[in-house]
Structures are given as structure tokens and as C-alpha cells.
Amino acid sequence: MSDASVRAVGWAQSFPVSRGVRAGREWARAHMENLGWTKADPDAVDSVVLAVSELVTNAHHHAHTSAQVVLTWDGQGLHLSVHDSGPGAPTPRDADDSSLGGRGLAIVDALADTWSVHPTADGKTITACFKAPGAGRCSQSTR
């Protein structure tokens, strides 16, 4: 985004359980392209896309609901929020080497600059922030 007057921009999409994870990755990658991150910081793009994949998978697998995904660019960082209607907060697990799952939140923790969980009246929202290439800190509080 080269227009200095743009203070924030965002996109939102709902991804149903039946076809959401792949569509979520493709949708996020397209928006990262629009922001110019694919040339400026392709590793950051891969991190955001992987985080989308993990959080949408968690919504589908654990909450058994659609995932509402919001990407918000505020000039300093990209905020990824994924909401599901499942009860309770997610619980990070310690997966051993033979486990096929249980690493989603650990992956998000490793990739994002910050992340947090916010309970809502109808479920929860997990928000992860990824600082912009060359920017300072994300404007989101830490876990």
C-alpha cells in the first residue's frame, strides 16, 4: 500500500468446515500480495499463511464450526483474527515426536510477533500480529 493517507485496511471472510483451510490459505496469500509483502518479505507471507492454516484447522477440528477470519493492516503490522463458536479457550498441548497433532498454537506462537485469545459471547477469537517488513513492534499486547 503506497497511499500514505490509508491508516488501516481490512478484509474478512468466513471459511466453512467443508472447504475452509485451503481456501483460507489462498485468500490470505492473495491479500499479502496486495500489501506488497510477497516481494518485501516472502518469509513473513509464509508465516501468515501457515498461521491462517493452523487457526482455521483448529476452529474446524476442535470447535467443529466455521472460521471467521479477519486480516487488518494498520501500517505497523498485520493482525490476523480467527473466530469460532466453540466453547472455552484453546489449550496448548505438548505434542511428543509421535503425535500427529497438537502443535497448532505452538506454531502460531513461533511465527507471530504476538498473539492472544479473547473470549466472546459466542465462542472465542485468537488474534496474532505480524510486524511489517522493516517496522517496529506490533501494536497488540502480548499473550
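**Reading helix packing and an aromatic pair**

User: Which hand does the crossing of H3 and H4 have?

Analyst: H3 passes H4 in a left-handed crossing (left-handed if the near helix is turned anticlockwise from the far one by less than a right angle, right-handed if clockwise). Helices here are DSSP runs of H or I with at least four residues, strands are E runs of at least two, and both are numbered from the N terminus. One caution: this is a predicted model, where local features need pLDDT of at least 70, side-chain atom pairs need 80 or more, and totals for chains, interfaces and linings use all residues. Residues count from 1 along each chain as its sequence is written, and side-chain values use heavy atoms, leaving out hydrogens and water.

User: At what angle do the axes of H3 and H4 cross?

Analyst: Axes are lines fitted to C-alpha atoms, for helices over the stretch in contact, with angles from 0 to 180 degrees between N-to-C directions. For H3 and H4 (residues 104-111), they cross at roughly 155° and come within 9 Å. The two helices are therefore roughly antiparallel (over 145 degrees; under 35 is roughly parallel, 65 to 115 roughly perpendicular, the rest oblique). Contact means heavy atoms within 4.5 Å; among the residues making it are Leu50 and Leu55 of H3 and Ile107 and Val108 of H4.

User: How do H1 and H3 pack?

Analyst: Their axes lie 9 Å apart at an angle of about 150°, which makes H1 roughly antiparallel to H3. This crossing is right-handed. The contact includes Ala28 and Met32 of H1 and Val49 and Val52 of H3.

User: What about the ends of H3?

Analyst: The expected span is 1.5 Å times one less than the number of residues. With 22 residues (42-63), H3 should span 32 Å, and its end C-alpha atoms are 31 Å apart, so the two agree. Just after H3, His64 takes a positive phi of about 60°.

User: How many aromatic pairs are there?

Analyst: Two; rings of Phe, Tyr and Trp (its six-membered ring) pair if their centres lie within 6.5 Å, with planes under 30 degrees apart stacked, over 60 edge-to-face and the rest tilted. Phe15 and Trp27 have ring centres 5.6 Å apart and planes at 70°, so that pair is edge-to-face. Phe15 sits in strand E1 (residues 9-15) and Trp27 in helix H1 (residues 20-35), 12 residues apart.
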